[in-house]
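Please view the sequence and the structure together before reading the points below.

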Amino acid sequence: MSADSEAFERVKSVLLSAHKSTTSDEKVSFYNCWAENYDRDVAVLEYSAPSVAAKCIATHFSGVREAAVVLDVACGTGLVAKQMKNLGFGNFVGVDGSKAMLDKARESGLYQDLKSCLLGEEPLPKQWADRFDVVVIVGALSVGQVPFDVIRDLCNVTRPGGCICMTTRSNHHNLKYKASLEREMRQMEEEELWTCVEITDVDNWERAVSEQEEGYISGAVYLYKKLEH
C-alpha cells in the first residue's frame, strides 16, 4: 500500500468513527481529538469547500475586502479564513463548539475574536444582530452536525446588504438534509429575508470515505444577500 493510500485509509477510519458520535458532547469530543491532525487530514481528503466558498464570496462581494468584518461560523482551525485572507479579507471573528479547534484557530493569528458556541443549542449573541458584512459556514451544514434552521441565526447577524455563504455535501447520505436546507432557504426568500445570488454545484468536493461511494463526492455552495428593510 502506498503512503497516500495508507494516509487515506487512516483518515477514512477517523471519519467513519465520527458517525458513532450521536450526542452533542460526543461530537464535541470527536472534534477536540481531531483538531491536532485536522488540517493534515482534510488535505488528504482533497477537501475543496474552503477555497471554493472563499472564491465565491470574493467574486460577489462589492465592498472593500480589507474593511469587511467576516463571521466564520464553525470555523474549525481557520481554513476558510486562511483562504479569504489570501483574497484580501482581513477582519475575522470565529465561532466553534470545540475548544481544541478554537485553540488552533487562535494559533493561526487570523482572528480578531473567537467565541465558543454550540450551534443549534446556543444562539449567537444578540448584540451581533445586523453586524457582519459577510457570514460564512463551511462544512457544518450536514446530517448529524448542525440543524439546518441555524441559517436563520446566520441571516440575523448579517448586516442588511451583506452576504451569507453556506455549503453542504450532495452525496447520498446527506440528500435528505440538503433538501430540508434548500427548502428553508427558499422559505426565507419568500419571507423576503434574503435573496439568492448564486448556487454552485461542485463535482470534486472531497474524496469519498463511505463504503457505498468511491472516487469523489459532490457538494454545493450557496450565496445569499440579506435584504434591507
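A residue is called buried under 20% relative accessible area, exposed over 50%, and partly exposed in between, using a 1.4 Å probe and protein chains only. Arg 106, for instance, is partly exposed because its relative accessible area is 48%. The model is predicted: local features need pLDDT of at least 70, side-chain atom pairs count only at pLDDT 80 or more, and totals for chains, interfaces and linings use all residues. Residues are numbered from 1 along each chain as its sequence is written, and side-chain values use heavy atoms, with hydrogens and water left out.

**Salt bridges**

- Side chains of opposite charge can pair when their charged atoms come close.
- A salt bridge is defined here as a side-chain nitrogen of Lys or Arg within 4 Å of a carboxyl oxygen of Asp or Glu; by this rule there are 13 salt bridges.
- Arg 207 pairs with Glu 46 in a salt bridge whose closest N and O atoms are 3.9 Å apart. Arg 207 belongs to strand β6 (residues 194-207) and Glu 46 to the loop between α3 (38-44) and α4 (49-60), so the pair ties together parts that are 161 residues apart in sequence.
- Helices (H or I, at least four residues) and strands (E, at least two) are DSSP runs, numbered from the N terminus.
- Arg 207 is buried, with a relative accessible area of 14%, whereas Glu 46 is partly exposed at 41%.
- Glu 184 forms a salt bridge with Arg 152, and their closest N and O atoms are 2.7 Å apart. Because Glu 184 lies in helix α8 (residues 175-190) and Arg 152 in helix α7 (residues 151-156), this pair ties together parts that are 32 residues apart in sequence.
- Glu 184 is buried at 14% relative accessible area, while Arg 152 is partly exposed at 31%.
- Asp 103 and Arg 106 form a salt bridge, with 3.2 Å between the closest N and O atoms. Both residues lie in helix α6 (residues 99-108), three residues apart, which is about one turn of the helix.
- Asp 103 is partly exposed, with a relative accessible area of 27%.
- A network of salt bridges links Arg 10, Arg 40 and Asp 41.

**A buried polar contact**

- Glu 206 is found in strand β6 and counts as buried at 8% relative accessibility.
- The side chain of Glu 206 makes a polar contact with the side chain of Arg 169 at 2.9 Å. A polar contact is a pair of N or O atoms within 3.5 Å; within protein, one must be able to donate a hydrogen and the other to accept it, and residues adjacent in sequence count only if both atoms are side-chain atoms.

**Positive phi values**

- Most residues other than glycine have a negative phi.
- Asp 130 has a positive phi, near 60°; this residue lies in the loop between β3 and β4 and is partly exposed, with a relative accessible area of 42%.
- Glu 192 also has a positive phi near 60°, and its place is the loop between α8 and β6.
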